[in-house]
Amino acid sequence: MNSEQAFDASELADLLGDKQDGEDKSLMSILEDVQARYRYLPKDALILISEWMGVPLSQTYSVATFYNAFSLKPKGRHIINVCLGTACNVRGSRKVVERIADRLGIEPGETTQDGEFTLETLNCVGACALGPVAIIDGTHFGRVNAAGADKLLKKLGVEGRKE
Ligand code: FES
């Protein structure tokens with residue numbers, strides 16, 4: 001089953017209405033709210049936001065594509081990031097990525113079909129001494145090896161899972 005949250009224009013209208021009632025109504029804050037609600041920025045939402053803000057769609061797109069926090073593709077309920085920076089890489093983080101990718105049946109940058117997991121890689125989060133570093137739903141885990149990745153996945157309900 002795909003748990004992707006369907007975009008609802010009336011819901012966005014409510015959200016924008018709230019913003020009009022005095023909340024911070026910067027483009028960034030609106031995009032953050034929409035990203036949090038849908039786990040990505042639906043194209044129709046970007047169009048509506050641009051109209052509502054009175055800014056060109058190209059401007060909204062450039063903000064939406066500039067920041068890593070935003071995604072134009074649906075993301076999973078759980079976001080798994082593994083650092084592939086130099087220090088983590090020499091300590092084996094690529095093997096961690098391979099193990100997680102294998103368990104989830106996806107490649108880095110992809111989301112499982114049921115919308116539960118997105119696997120991403122990043123470069124150096126400033127915790128090199130703890131490498132390899134994995135970040136799951138915002139929580140940092142240090143010295144993760146392939147077996148450790150299995151344990152972390154197990155806590156998320158992933159066991160021998162393949163799609
Ligand atoms: S290289 Fe991974 S935290 Fe710095």
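Okay, before the numbers, one term: a pocket here is an open set of grid points, on a 1 Å grid over the protein atoms alone, with protein on both sides within 12 Å along at least five of seven lines. And keep in mind that this is a predicted model.

So, with that in hand, the largest pocket holds about 350 Å³ of space. Who sits around it? There are 14 lining residues, and the ones closest to the pocket's centre are Asn68, Lys75, Ile79, Asn81 and Glu120. Two elements each give two or more residues to that lining, namely β1, residues 78-83, and β2, residues 117-122. Of the elements, β2 has the largest share, with three residues.

Okay, over to the helices. Packed helix pairs get described by two things, the angle between the axes and the distance between them. For α3, residues 43-53, and α4, residues 57-66, the axes come within 9 Å and cross at roughly 125°. Angles over 145 would count as roughly antiparallel and 65 to 115 as roughly perpendicular, so this pair is called oblique. As for handedness, α3 passes α4 in a right-handed crossing.

Which residues make the contact? From α3 you've got Lys43, Leu46, Ile47 and Ser50, and from α4 there's Leu57, Thr60, Tyr61 and Ala64. Sort that contact by class and you get five nonpolar residues, two polar and one charged.

That's my bit, thanks.

Note on methods
Residues are numbered from 1 along each chain as its sequence is written. This is a predicted model: local features need pLDDT of at least 70, side-chain atom pairs count only at pLDDT 80 or more; totals for chains, interfaces and linings use all residues. Side-chain values use heavy atoms; hydrogens and water are left out. Axes are lines fitted to C-alpha atoms, for helices over the stretch in contact, and angles run from 0 to 180 degrees between N-to-C directions. Helices (H or I, at least four residues) and strands (E, at least two) are DSSP runs, numbered from the N terminus. Angles under 35 degrees count as roughly parallel, over 145 as roughly antiparallel, 65 to 115 as roughly perpendicular and the rest as oblique. A crossing is left-handed if the near helix is turned anticlockwise from the far one by less than a right angle, and right-handed if clockwise. Contact means heavy atoms within 4.5 Å. Ala, Val, Leu, Ile, Met, Phe, Trp, Tyr, Cys and Pro count as nonpolar, Asp, Glu, Lys and Arg as charged, and the others, Gly among them, as polar. On a 1 Å grid over the protein atoms alone, a cavity is a set of points where a 1.4 Å probe fits but cannot get out, and a pocket is an open set with protein on both sides within 12 Å along at least five of seven lines; lining residues have an atom within 4 Å of a point. Grid points are joined across faces, edges and corners, and a volume is the space filled by probe spheres set on the points.
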